[in-house]
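Please keep the structure in view while reading.

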Amino acid sequence: MKHRVQISESDDTFQVCAQETILEAALQAGIRLPHECTYGACGTCRVKLEQGSVHYDAFPMALTEAEHQQGYALICQAHADSDIVLSPSGGGLALPEPAVMQAVVQELHPLTPDIHHLVLRLPDDQEVFYLPGQHVNVRLPDRSERSFSMASAYPLGNEVDFHIRRVPGGRFTQDQLGRLMPGDTLEVELPRGAFCYHPDDWRPLVFAATGTGLAPIRAILESLLDDDDCPPVSLYWGMRTEADLYAREEIESWAGRLYEFNFVPVLSRADAHWQGRRGHVQDAIAQDFQDLSEYACYLCGSPPMVIDTKQVLMGLGAPLEFIYSDSFTFHQDEKNPVAA
Ligand SMILES: Cc1cc2nc3c(=O)[nH]c(=O)nc-3n(C[C@H](O)[C@H](O)[C@H](O)COP(=O)(O)OP(=O)(O)OC[C@H]3O[C@@H](n4cnc5c(N)ncnc54)[C@H](O)[C@@H]3O)c2cc1C
Ligand code: FES
């Protein structure tokens with residue numbers, strides 16, 4: 001039996017049958033909806049069900065029970081139980097169309113022993129546009145993809161930059177990145193993803209990042225510098241040691257340029273000299289806030305941090321529709337091939 005799915009913002013419709021996920025059916029019908037991992041781990045494909053209901057073969061990791069109860073669904077895993085009307089996660093924001101292009105390595109230098117700053121130059125004849133918070137997908141020689149978030153609010157000319165952490169055994173970040181030289185080319189697709197700032201929320205902001213999860217949040221914050229409409233901003237950045245805080249000075253220098261800016265580095269393996277906060281970002285937020293019902297929250301970094309922090313925020317009353325997250329999930333060979 002087939003069900004009808006309607007996208008509320010665009011009035012696009014398509015049919016979905018019982019054995020396909022809603023995302024598979026949408027792509028089959030030529031309708032692009034934000035997605036990334038396709039295995040229920042990143043949360044990029046989250047939608048709000050305005051009508052209808054869904055079920056899962058296995059309940060996805062990136063969805064909380066509370067989100068499910070409140071009508072949110074991850075369409076890369078969801079099967080329709082009825083006709084559906086859904087609202088995609090970009091909400092009313094118009095997400096730019098991604099394009100595949102050849103990027104040239106412009107610059108690569110270490111920020112810490114295991115984090116690199118990579119600058120890519122995109123073709124001069126391509127107009128480069130993305131929303132701060134979005135990411136690029138790098139295509140590897142085996143045609144699998146790796147995602148990295150743009151670390152700046154806007155491209156500088158046709159250059160885009162990234163903070164990339166070396167993953168031990170990682171095919172791109174360990175094997176390929178270390179050998180890249182200026183002038184080398186990479187095939188990339190951008191802009192991807194739906195993680196971006198929602199100015200119409202008009203709420204004070206809490207950002208939580210771990211590791212290079214700072215990159216898209218840095219881009220969003222840079223876009224808010226000297227903005228008269230900037231709401232009060234708190235940023236919690238979790239790292240292991242003080243030496244890992246590669247962007248600390250720059251972010252501290254934004255104190256006068258973001259409204260009521262409260263920057264809180266949180267270290268999980270600080271040495272005895274560290275005077276600042278210790279532990280995990282979600283614990284620091286729980287210590288500092290009693291009620292987040294009037295806030296909008298943005299989370300980015302490791303999947304466990306995103307899941308735990310979401311639970312903490314909900315416990316403090318943060319409404320789900322104002323919690324935005326970008327989970328740095330990993331590539332999975334069998335689940336995420338790029339169509340040849
Ligand atoms: C939307 C999005 C944006 C991202 N943006 C960034 C970014 O800006 N900067 C950044 O550094 N990373 C980012 N990531 C994470 C990055 O895409 C992955 O870490 C990627 O898999 C690394 O590729 P690799 O080829 O080096 O490792 P792989 O060959 O894919 O992985 C090798 C092994 O390491 C494990 N692994 C991979 N990544 C990690 C990790 N991060 N932590 C622990 N284990 C891991 C894998 O499960 C595998 O076993 C982002 C991910 C997503 C989904
Ligand atoms: S694309 Fe659905 S959770 Fe990642």
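## A buried helix

The buried residues of helix α4 are L214, A215, P216, I217, R218, A219, I220, L221, S223 and L224, where buried means under 20% relative accessible area, exposed over 50% and partly exposed in between, with a 1.4 Å probe and protein chains only. Because 10 of the 11 residues of α4 are buried, the helix is largely enclosed by the rest of the structure. Just after α4, D226 takes a positive phi of about 60°.

This is a predicted model, in which local features need pLDDT of at least 70 and side-chain atom pairs count only at pLDDT 80 or more, while totals for chains, interfaces and linings use all residues. Residues are numbered from 1 along each chain as its sequence is written, chains are lettered from A and ligands numbered from 1 in the order in which they are written, and side-chain values use heavy atoms, with hydrogens and water left out.

## What the helix packs against

The buried residues of α4 pack against β11 (145–149), β12 (159–165), β14, β15, α5 (248–252) and β18, contact meaning heavy atoms within 4.5 Å. Helices (H or I, at least four residues) and strands (E, at least two) are DSSP runs, numbered from the N terminus. Helix α4 (residues 214–224) lies across β14 (205–210), β15 (233–239) and β18 (296–301), running at about 150° to β14; axes are lines fitted to C-alpha atoms, for helices over the stretch in contact, and angles run from 0 to 180 degrees between N-to-C directions.

## The sheet

An open sheet of 6 strands has the order β17-β16-β15-β14-β18-β19, with parallel pairing, two strands being paired if DSSP finds at least two bridges between them. β17 (277–278) and β19 (323–327) stand at the edges with a single partner strand each, so one side of each is left without a neighbour in the sheet.
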